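I opened this model to go through its helices, a few side chains and some backbone angles. My entries are below, in the order I made them.

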Amino acid sequence: STLSGHNRYPHVNEISGDNVSAELLDLNKICGEDSTRRGIKRMDETAALNWLDNHLKKSWEPLTQYDWILDIDSTVKPVFGHQEGAKIGYNPAYKGRPSYSYHSYFIANIRICLGVEVRSGNEHAGSFALPKLFGLIDSIAPENRPFLIRGDVSYGSDNMMKECEARQINYLFKLKMSSGVKDLVRNTENSELNWEDAGQGWQGQKSTIRLQGWEKQRDIIVLRRQHKSKKPATIKVIEDRQLTLFPELIEDEKAAEWEYCVLITNLNRSVLETAQHYRDRGDC
């Protein structure tokens, strides 16, 4: 049924009794929806998931012999009706509706899925993906583990980075605009260091940061880009989720608004290459 593009139990009825498909797959017959549902309910959950993961691993394990990048991301899946584990959480499309959070792991660029951690809708934060993610990584031989792990702001936590560092794996995440990060951005803006080209209209500077609760200092890259459509006349700071600064007049003597992005990484690469690595993430 899945090979036929189906994604719901009732769709199985479309191919129930299809002798041609059954023969191609070396099956005695293809069951209907009710038989399929009853059969799956009898399966032990842990054993079934291990069976599924082992077969899935056979499809992508040979690819890990080459240098590869692991992309992690979370997706909100709204549900309708009453379904096990569905809870109200972050849901931009259907606010107030129960949902699941799918934490997915992909081989970058070739879009091969390594696994999905299904959590309740109120467990969309990247920390909920750690057990499954590093269980998956630990199941891979050390020489075949990813060259780089990439994720958005949800995964830029101290615990995530400590797990990567313990396994000597490179990482690249985006940091939340907390008060400590905003202070660093202001200091960077006031410094006399030159901004480097980071591609696609962005400029960047390398720096370091140690936020409250962290055990060590880490390398970051501060990126900025002008908002040409917004040109306020005064210097101002807006305190909200996204830090926005209004620096001094630019060459055309008109003020320009800047947006900022802070990347944290242990990659020893240039500003341009690191920024491009982050832009390349999540293409599936």
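The entries start with the whole chain and then go to single elements and residues.

**Entry 1: the whole chain**

I note first that this is a predicted model. I looked up the secondary structure and found seven helices and eleven strands. The protein has 284 residues, and 37% of them count as buried. I then checked the contacts between residues at least 6 apart in sequence: 56% of them join residues at least 24 apart. The accessible surface comes to about 17500 Å². Carbon and sulfur atoms hold 48% of that surface.

**Entry 2: helix H4**

Which residues of H4 are buried? I found Leu130, Leu133, Phe134, Leu136 and Ile137, in a helix that runs over residues 130–138. They sit on the same side of H4, because they cover an arc of only 150 degrees around the axis. I recall the general rule here: an α-helix has 3.6 residues a turn, so residues three or four places apart point the same way.

What do the buried residues of H4 pack against? I listed two helices by name, H3 (45–60) and H5 (158–166). I also listed strands S1 (69–78), S2 (99–107), S3 (112–120) and S4 (148–151).

**Entry 3: H4 against H5**

I took this pair by axis geometry. Two packed helices are described by the angle between their axes and the distance between the axes. The axes of H4 and H5 come within 12 Å and cross at roughly 10 degrees. H4 is therefore roughly parallel to H5. From H4, the contact uses Leu130, Leu133 and Phe134. From H5, it uses Asn159, Met160, Glu163 and Cys164.

**Entry 4: helix H5**

I asked which residues of H5 are buried. They are Asp158, Met160, Met161 and Cys164. Their arc around the axis is only 160 degrees, which puts them on the same side of H5. The elements that cover them include H4, S1 and S4. I also noted S5 (170–174), S8 (218–227) and S11 among the cover.

The buried residues of H7 are Val271, Thr274, Ala275, His277 and Tyr278. Seen down the axis of H7, they fall within an arc of 155 degrees, so they line one face of the helix.

I stepped back to Ser270, in the loop between S11 (257–265) and H7. Is Ser270 buried or partly exposed? Its relative accessible area is 35%, so Ser270 counts as partly exposed. A polar atom of the Ser270 side chain lies 3.2 Å from the backbone nitrogen of Glu273. I also checked Ser270 against Lys206, 64 residues apart along the chain: their C-alpha atoms are separated by 8.9 Å.

**Entry 5: Arg281**

Arg281 lies in the segment after H7 (271–279). I looked up its cover. Arg281 has a relative accessible area of 16%, so it is buried, the cut-off being under 20%. What does Arg281 touch, leaving out residues up to four places away in sequence? I found Asp71, Ile72, Asp73, Arg150, Gly151 and Asp152.

**Entry 6: Thr188**

Thr188 is in helix H6, residues 179–190. With a relative accessible area of 7%, Thr188 is buried. A polar atom of its side chain lies 2.8 Å from the backbone oxygen of Leu184. Not counting residues up to four places away in sequence, Thr188 touches Trp195, Gln205 and Val222.

**Entry 7: positive phi**

Last, I looked at backbone angles. Most residues other than glycine have a negative phi.

- Arg111 is not a glycine, yet its phi is about 60 degrees. Arg111 is in the loop between S2 and S3. At 48% relative accessibility, Arg111 counts as partly exposed.
- Gln200 has a phi near 55 degrees. Gln200 is in the loop between S6 (196–199) and S7 (202–209). Its relative accessible area is 58%, so Gln200 is exposed.

Conventions:
Residues numbered from 1 in each chain as written. Predicted model: local features only at pLDDT ≥ 70, side-chain atom pairs only at ≥ 80, totals over all residues. Heavy atoms only, no water. Buried < 20%, exposed > 50% of the residue type's maximum accessible area, 1.4 Å probe, protein only. Helix = DSSP H or I, 4+ residues; strand = E, 2+ residues; numbered from the N terminus. Arc of directions from axis to C-beta. Contact = heavy atoms within 4.5 Å. Areas by Shrake-Rupley, 256 points an atom, 1.4 Å probe, with all protein chains shown as cover. Polar contact = N/O pair within 3.5 Å; in protein donor to acceptor, adjacent residues only side chain to side chain. Axes fitted to C-alpha atoms, helices over the stretch in contact; angles between N-to-C directions. Parallel < 35°, antiparallel > 145°, perpendicular 65-115°, else oblique.
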